[in-house]
Amino acid sequence: MKETNNNSIYGVVAEFPDGESLLAAAHRVREAGYTATDAFSPIPVHGLTEALGIKPSKLAGLVLLGGIAGAFGGLGLQYAVSVEFYPHIVSGRPLFSWPSFVPVIFEATVLIAAFAAVFGMFILNRLPEPYHPVFNTPNFQKASTDGFFLSIEARDPKYDASAVRALLEKAGAVAVTEVGKHPDDPE
Amino acid sequence: MAHNPPGPEQGFVEVETVLDERHSMESVTDKISKIPLTPTLPRPILAVGMLALLLLGGLLPSVVILLVEGTGVWGINQPVGWGFAIINFVWWIGIGHAGTLISAILLLLRQEWRTSINRFAETMTIFAVTCAGLFPALHIGRPWLAYWLFPYPNVMEMWPQFRSPLIWDVVAVSTYATVSILFWFTGLIPDLATLRDRAKNKFVKIGYGIASMGWRGSARHWQRYEIAYLLLAGLSTPLVVSVHSIVGLDFAVSVIPGWHVTIFPPYFVAGAIFSGFAMVLTLSIPLRALFGWKDMITLNHLNNISKVMLATCLMVLYGYGMEIFFAWYSASEYEGYMKFNRMYGPYWWSYWSLILCNGVIPQLLWFKKVRTSPVILFFLSIVINIGMWLERFVIVITSLHRDFLPSSWGMYYPTKYDWGLYLGTIGLFLFLMVGAIKVLPMISQFEVRELLHKKQRKH
């Protein structure tokens, strides 16, 4: 099944009966040398990212940076307001009375770190992305209930539809489909 | 297609487990997603919605007349300048805290029983904070100028005074509201994708499709998602403690007898968790009965919630005891009189009802029979909610109405506008909850599936 119009093909998507067989198949696919792969599951399957060779995420570092930025931002804001913009003595404390600034520094740290966590996750995951070719897979709506899917994309240098299909079937897939980039592309 | 497991008589002991393991991933998902995808709601819930609308009808005139006439329509005056508004603010914020505790702290502690109650507890948090936020906003008299509380360059060249707990409170509560919404929405994304995939109606499908942002359960997405979720839990945990500590400091930093105690921040946090868990029970007991969720919110859950309530009840009691000890040990006649006035002054009834509701009646929770009896727990939770409201009444009113000089003593009587606004926020809360039950999955589907997977692997 060599494709002539390779540009309209997203890749081959296989369905597996459960998380364990998906994990096992992910190991085999990686051993066979495929790199443009992804897996889709209704629950996070532990060990799947390692099995597919997905790099650890930078998100945690981003959140740390957000927290540090929030802390210094909170301190800087209060310093600027209390010492520079509007200096006045309150209950005999010095203008830069840092202990009374701690609560706001803490809140600013949490706020900016939380923004970094959520929006960092969205940006790194490229969400929102309402349309994705993998949604053209038959039965893919099961991926949010109890379906486990593995994809090998056509942009993979080793991609060859029939070889990929054979590999996935051998790995225990219950259904293997070649999926187009657009909903009306032929399978 | 999917079928529910057989009845409880066949080998499912509710008290011992947090989830009926005879479920499959499909059957739990079906059971939870069925509710938002069905066009109607059960009658009792619709009845609650109607009652909520009725109370909301009282909220409108209470707000409009307040804005037209000014805060003089409330019962506040000298010496009691903080009346119902601050009582209700603290009460609502406290109720919200259980949601964050369940979703964040119990997640970090790896408590399995959090999984099926975290979603509606978080929803409860957001709506409780919404109600709480109304009170200070209206109390400032001109809510359209509420933005003056935030630091921004303006032509008046005025800036907030960051050494005041009241400004800390503005920052803490707005941060808390923001982070709670982020946490709640992050948790909802995979579940919204499930609803998108299951919706039959085209418009409903598009709606959930937009809300779920195109979530497809990719392994790369899950990896970052789990990091974000865990870090948000880690960030929310100290946040929730800080918020009610700062609310406690609103009082404790002042010099009024009855407020001038260092125990306030931790004692406020314990009280918040106490009342919040009571509200979780008030909501979960009818919901589990109406939707047949007894296989996901089991007696084990109720038992665990009750134990947390018992522990926080004892902490709160310790706080009441310490207040008496401080009054005696400080040898300050004002502190001593304040305590005497609370117990035997004109508001004696509020103090003793508080002790009855928060101290005496919850001792029933020592008995396992009570902790696993939904009906008794439901009434107990209402008693505790009333008790925690009375606690804030005692702290605010009895401390303010008689301070140092007898010449500035006075009484506080709430007006119909105070009551209208208070009952109105209860209506708002219930109405928002009914709305959320209609459109959102009130049990976290992906987390229940994950827990089910984990439990079934163990055998």
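**Chain A**

Read along its sequence, chain A follows the pattern β-α-β-α-α-α-β-α-β, with 5 helices and 4 strands; helices (H or I, at least four residues) and strands (E, at least two) are DSSP runs, numbered from the N terminus. This is a predicted model, in which local features need pLDDT of at least 70, side-chain atom pairs count only at pLDDT 80 or more, and totals for chains, interfaces and linings use all residues. Residues are numbered from 1 along each chain as its sequence is written, chains are lettered from A and ligands numbered from 1 in the order in which they are written, and side-chain values use heavy atoms, with hydrogens and water left out.

The radius of gyration of chain A, taken over C-alpha atoms, is 25 Å, well over the 16 Å that the globule rule (2.2 Å times the number of residues to the power 0.38) gives for 187 residues, so chain A is more spread out than a compact globule. Along its principal axes, the C-alpha trace of chain A spans about 85 × 30 × 30 Å.

Of the 187 residues in chain A, 51% are buried, that is, under 20% relative accessible area (1.4 Å probe, protein chains only). Contact means heavy atoms within 4.5 Å; among contacts in chain A between residues at least 6 apart in sequence, 77% join residues at least 24 apart.

The accessible surface of chain A, from the Shrake-Rupley method with a 1.4 Å probe, comes to about 9000 Å², and 62% of that surface belongs to carbon and sulfur atoms.

Key
Buried < 20%, exposed > 50% of the residue type's maximum accessible area, 1.4 Å probe, protein only.
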